[in-house]
Amino acid sequence: EAKQSTLKTEQVSLNTLMQQANSTYSTTLEKLKELPVELSAVRQAYAQQLALYKSGLNTLLEVTNAQYSLLQAETNYVITQDALLQLMFIRAGLAGQLDNYIQNFKR
């Protein structure tokens, strides 16, 4: 009975972890879908600030701020992609499908 109780406790724990991973995965996936739009807008803003600077209507500080925003958006995109891959790995591990996950990267 003790083993059965321990097994049930572990199963509940694994199910809870899977639910958390699935929830975080969904949120991260939605964020990743929105980031290209944000990235495009920030790139356009940087290009606009640079054009204004080249025509003498802007300061170097404003161009630098726009460039910093672009760097932040690009960094955020890469970090979100990394988080999604980590969540996919966690979900595969919890579901006992690590072999399939790894095989997808070998192709």
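The backbone oxygen of Asn76 lies 2.7 Å from a polar atom of the Thr80 side chain. Such a polar contact is a pair of N or O atoms within 3.5 Å; within protein, one must be able to donate a hydrogen and the other to accept it, and residues adjacent in sequence count only if both atoms are side-chain atoms. The model is predicted: local features need pLDDT of at least 70, side-chain atom pairs count only at pLDDT 80 or more, and totals for chains, interfaces and linings use all residues. Residues are numbered from 1 along each chain as its sequence is written, and side-chain values use heavy atoms, with hydrogens and water left out.

- Thr80 is placed in helix H2, residues 60–94, where helices (H or I, at least four residues) and strands (E, at least two) are DSSP runs numbered from the N terminus.
- Thr80 counts as buried because its relative accessibility is 3%; buried means under 20% relative accessible area, exposed over 50%, and partly exposed in between (1.4 Å probe, protein chains only).
- Not counting residues up to four places away in sequence, Thr80 touches Thr28, Lys31, Leu32 and Leu35, a contact being heavy atoms within 4.5 Å.
- Leu32 belongs to helix H1 and, at 15% relative accessibility, is also classed as buried.
- With residues up to four places away in sequence again left out, Leu32 touches Tyr77, Thr80, Gln81 and Leu84.
- Leu32 and Ile90 are 58 residues apart along the chain, and their C-alpha atoms are separated by 18 Å.

**The loop residue Asn58**

- Asn58 sits in the loop between helix H1 (2–54) and H2.
- The relative accessibility of Asn58 is 10%, so Asn58 counts as buried.
- The side chains of Asn58 and Gln49 are joined by a polar contact of 2.3 Å.
- Gln49, Leu52 and Tyr53 are touched by Asn58, not counting residues up to four places away in sequence.

- Ser40 lies in helix H1 and is partly exposed, its relative accessible area being 34%.
- From Ser40 to Gln20 the sequence separation is 20 residues, and the C-alpha to C-alpha distance is 31 Å.
- Asn15 is another residue of helix H1, and its 48% relative accessibility makes it partly exposed.
- Between the C-alpha atoms of Asn15 and Asn65, which are 50 residues apart along the chain, the separation is 45 Å.

**Whole chain**

- The protein contains three helices and zero strands, in the order α-α-α from the N terminus on.
- The radius of gyration is 22 Å, whereas a compact globule of 107 residues would have one near 13 Å; the value is taken over C-alpha atoms, and the globule rule is 2.2 Å times the number of residues to the power 0.38.
- The C-alpha trace spans about 80 × 30 × 15 Å along its principal axes.
- Buried residues make up 18% of the 107.
- Of the contacts with a separation of 6 or more, 67% are between residues 24 or more positions apart.
- The accessible surface comes to about 8100 Å², and 56% of it belongs to carbon and sulfur atoms; areas come from the Shrake-Rupley method with a 1.4 Å probe, and for residues only the protein chains shown count as cover.
- The 9 positive and 9 negative charges have mean positions 7 Å apart. Lys and Arg count as positive and Asp and Glu as negative, while His and the chain ends are not counted; the place of a charge is taken as NZ of Lys, CZ of Arg, CG of Asp or CD of Glu.
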